[in-house]
Amino acid sequence: MDGLAGLLKVRVVRGINLAYRDARGSDPYVVLRLGKKKLKTSVKKRSVNPIWHEELTLTVTNPSEPLKLEVFDKDTFSRDDPMGDAEIDVAPLMEAISMNPEDIRNGAIIKSVRPSTRNCLADESHVCWRNGRFVQDMILRLKNVESGEIQLQLQWVNISGAK
C-alpha cells in the first residue's frame, strides 16, 4: 500500500441514449481505468438506456492521474464494439478533500464545474458535502461515438495513515 493516497468510489448510475451496435440495441458495459488498474460493470442486455447503480472502487496513488471511462457493447462471437469514451478530471474533488468539513453544512455545494472543451461534462457538475462525505455527481458526454452519456457519482475515501 506504499504511496496510497486514498480510495475513489465511482458509482456508475446509468447510460443515456447510448449508441446502437446491434439490430436490437446494445449490450453495454463500462470499463474504468486509473493507471494500470481496470474495473468493469456488469453487462446490461439489449439496452441503450441501461441502469447499473454499481459501485467500483479504485485505489489512488497519483491523484493527478485522469480517470478514463470506456463503454463497450458485449458481443459473443466477435470482439466487443466500442461505444464511446470519456476522461474524468478528479481534481475538483481532490481540491475539496483538503477542506475542513466540520464547518460545512450537509448538502453544501463546495465547487461547481462547468462543461468546457477541456472536460467531457454534459452539464454542470457539483462537488458537495453530503452525509459526511465529499461527493461529485456528473453526467459525461461520450466522445468518439454518435451519441451517449453516462451518469456517475464520485466519492473520495481517505485511508488513515495515507499521505
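This is a predicted model: local features need pLDDT of at least 70, side-chain atom pairs count only at pLDDT 80 or more; totals for chains, interfaces and linings use all residues.
Residues are numbered from 1 along each chain as its sequence is written. Local features need pLDDT of at least 70, side-chain atom pairs count only at pLDDT 80 or more, and totals for chains, interfaces and linings use all residues, while side-chain values use heavy atoms, leaving out hydrogens and water.

**Exercise 1.** Find the order of the four strands in the open sheet.

Solution. Strands here are DSSP runs of E, at least two residues long, numbered from the N terminus, and two strands pair if DSSP finds at least two bridges between them. The order is S3-S2-S5-S6, with antiparallel pairing. Strand S3 (37-40) and strand S6 (81-88) are the edges, each pairing on one side only. Now zoom in: S2 (residues 28-34) and S3 share four bridges, and Leu32 has Leu39 in S3 as its bridge partner.

**Exercise 2.** Decide whether Arg141 and Glu149 are buried or partly exposed.

Solution. Buried means under 20% relative accessible area, exposed over 50%, and partly exposed in between (1.4 Å probe, protein chains only). These two side chains, Arg141 and Glu149, form a salt bridge at 3.4 Å, N to O. Arg141, at 44%, is partly exposed; Glu149, at 19%, is buried.

Key. A salt bridge is a side-chain nitrogen of Lys or Arg within 4 Å of a carboxyl oxygen of Asp or Glu.
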